[in-house]
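Trainee: Before we look at the model together, could you show me how to read a few of its features, one after another?

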Amino acid sequence: LRGERIGVVAFAGDAQAVCPLPQDADAAKQLLGALEVGAVPKPGSAVGTALRTAVAMLGRYPGGKAVILLTDGEDHKSDPLGAAREAAAAGVAVFAIGIGTPEGEPIPEAGGTYHKDAKGGTVVSRLDESTLAQIAKETGGAYYRTTPGSDEISDIAKRVKARAKLDEKLED
């Protein structure tokens, strides 16, 4: 997506813009690669808040708009489907990439340990494919379940470029 504005929003229990839409894909890629667990100190999972933050960033710019959402889809009270409806109303397509498994897996931390909750129990992250598919459908995007060796990013890039071209034609 060279030449396009690319931003990065990090989220956990809250969301924050890490890279506010420069026209420098390499800068966005570098910042994305440098993100670490704990970049957003508030624990939890706020998919709806992340979508709202991304849509607000995109709202300042003309043209086609898309969010690529990498998550397990778990959400703790931030209304991700409401955020998807808001994104759709703003003309933003969401391409959701589901990470993890529906059965769930412990969240690894540095040193070979696993993330613990306030009571000392191991936190298990579960893939919520239903919510991610609904978000994508609501916004005219698409849902992908990440798998080793899959190439969902290439397909998303093609769809984003096609959407941008369509938006340019509609603006003319």
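This is a predicted model: local features need pLDDT of at least 70, side-chain atom pairs count only at pLDDT 80 or more; totals for chains, interfaces and linings use all residues.

Trainee: Is Gly111 buried or exposed?

Mentor: Gly111 is exposed, because its relative accessible area is 78%, and the cut-off for that word is over 50%. As for its place relative to another part of the chain, the C-alpha atoms of Gly111 and Asp151 are separated by 30 Å, the two residues being 40 apart along the chain.

Trainee: Which residue has a positive phi although it is not a glycine?

Mentor: The general idea is that most residues other than glycine have a negative phi. Here Asp79, with a phi of about 55°, has a positive value although it is not a glycine. Asp79 is found in the loop between strand 3 and helix 3, and at 41% relative accessibility it counts as partly exposed.

Trainee: How should I describe the way helix 3 and helix 4 pass one another?

Mentor: Two packed helices are described by the angle between their axes and the distance between the axes. In this model the axes of helix 3 and helix 4 come within 8 Å and cross at roughly 20°, which means that helix 3 is roughly parallel to helix 4. The crossing in which helix 3 passes helix 4 is right-handed.

Trainee: Which residues meet where helix 3 and helix 4 are in contact?

Mentor: From helix 3 come Pro80, Leu81, Ala84, Arg85, Ala87 and Ala88, and they meet Thr131, Gln134, Ile135, Glu138 and Thr139 of helix 4. Sorted by class, this contact of helix 3 with helix 4 has six nonpolar, three polar and two charged residues. Take Thr131, which lies in helix 4: leaving aside residues up to four places away in sequence, Thr131 touches Pro80 and Leu81. Thr131 is buried, because its relative accessible area is 14%, where the cut-off is under 20%.

Trainee: What does helix 2 pack against, and which of its residues are buried?

Mentor: An α-helix has 3.6 residues a turn, so residues three or four places apart point the same way. Helix 2 (residues 47-58) has twelve residues and reaches 17 Å from its first C-alpha to its last, close to the 16 Å expected. Its buried residues are Val47, Gly48, Ala50, Leu51, Ala54, Val55, Met57 and Leu58. The elements that the buried residues of helix 2 pack against include strand 1 (8-11), strand 3 (65-71), helix 3 (80-89) and helix 4 (129-139), together with strand 2 (15-19) and strand 4 (92-98).

Methods:
Residues are numbered from 1 along each chain as its sequence is written. Side-chain values use heavy atoms; hydrogens and water are left out. Helices (H or I, at least four residues) and strands (E, at least two) are DSSP runs, numbered from the N terminus. The expected span of a helix is 1.5 Å times one less than its number of residues. Buried means under 20% relative accessible area, exposed over 50%, partly exposed in between (1.4 Å probe, protein chains only). Contact means heavy atoms within 4.5 Å. Axes are lines fitted to C-alpha atoms, for helices over the stretch in contact, and angles run from 0 to 180 degrees between N-to-C directions. Angles under 35 degrees count as roughly parallel, over 145 as roughly antiparallel, 65 to 115 as roughly perpendicular and the rest as oblique. A crossing is left-handed if the near helix is turned anticlockwise from the far one by less than a right angle, and right-handed if clockwise. Ala, Val, Leu, Ile, Met, Phe, Trp, Tyr, Cys and Pro count as nonpolar, Asp, Glu, Lys and Arg as charged, and the others, Gly among them, as polar.
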